[in-house]
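Hi,

Here is the structure I said I'd pass along.

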Amino acid sequence: ISRLAASLERYGYLKRGPDRRFRLGPALWRLGGLYRLNFELGESVRPALRKLVGETGETASFHVPDQDERVCLYRENSPDPVRHHLEEGTRLTMRSGASAHILAAYYLGDSAAKARLATDGSCISQGERTPHVSAVAAPVIDATGQFYGALAVSGPRERFDHEALTRARAIVVSTA
C-alpha cells in the first residue's frame, strides 16, 4: 500500500499534507474535467440550463448522485448579482434540498424523499439546506425510464417566493 500511495503521489493523484496524511491530489481535478467533457448529457444539459436561467432569472443546476452525496455536475448561475451561487463539482448532502430529495427518491429509493415529491415528480424546498435559498427540482428521465439526475432552479427566498416557485416548477418539469 505504501508503494502504491507513493506512486499515486508522484503522479498527482494523492498529496501528502504537513501532518503526513494523504489527501486527494490535483490530477483528479483534470480527470473530473475529462469526465464532464465526455459525459453524454452535457450537450443537452447545458442548453437546458441556459434556457432555465433565461426563463426564471435564477440559478439552474444539474445534480447527480455519488454514493451518499450529490454532485453539482453542471450549473448556470443567475446573472443577478444577488443569487444562489453554485460551482460545478460542489458536493452536497443528500438529506436536504429539492435536488437531494429527487436523487434520494429516484436513486436511493428513499421512502421519506418519495413522500416529499409532488404528483409530477418534482420537489420544492424553501430554506431547507440554506436558510435564504428556495429551490425546485425535477428528475431527468429518458423515454426508456433511465434516471440521470436532478434538474434544479434555485434562488434567494425573498425573490423566489411561492408564485415564482410555482411558475418555475412548471418550467423545470417540462425542461427535465
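**What I found**

Helix H4 has these buried residues: Ala 98, Ser 99, Ala 100, His 101, Ile 102, Leu 103, Ala 104 and Ala 105. Buried here means under 20% relative accessible area, with exposed over 50% and partly exposed in between (1.4 Å probe, protein chains only). That is eight of the nine residues of H4 (residues 98-106), so the helix is largely enclosed by the rest of the structure. Helices (H or I, at least four residues) and strands (E, at least two) are DSSP runs, numbered from the N terminus.

Before you read on: this is a predicted model, where local features need pLDDT of at least 70 and side-chain atom pairs pLDDT 80 or more, while totals for chains, interfaces and linings use all residues. Residues are numbered from 1 along each chain as its sequence is written, and side-chain values use heavy atoms, leaving out hydrogens and water.

On the cysteines, there are zero disulfides (cysteine sulfur pairs within 2.5 Å).

Asn 77 is buried, at 13% relative accessible area. Its side chain makes a 3.1 Å polar contact with the side chain of His 85; such a contact is an N or O pair within 3.5 Å, and within protein one atom must be able to donate a hydrogen and the other to accept it, with sequence-adjacent residues counting only if both are side-chain atoms. The Asn 77 side chain also reaches the backbone nitrogen of Leu 86 at 3.1 Å.

Cheers
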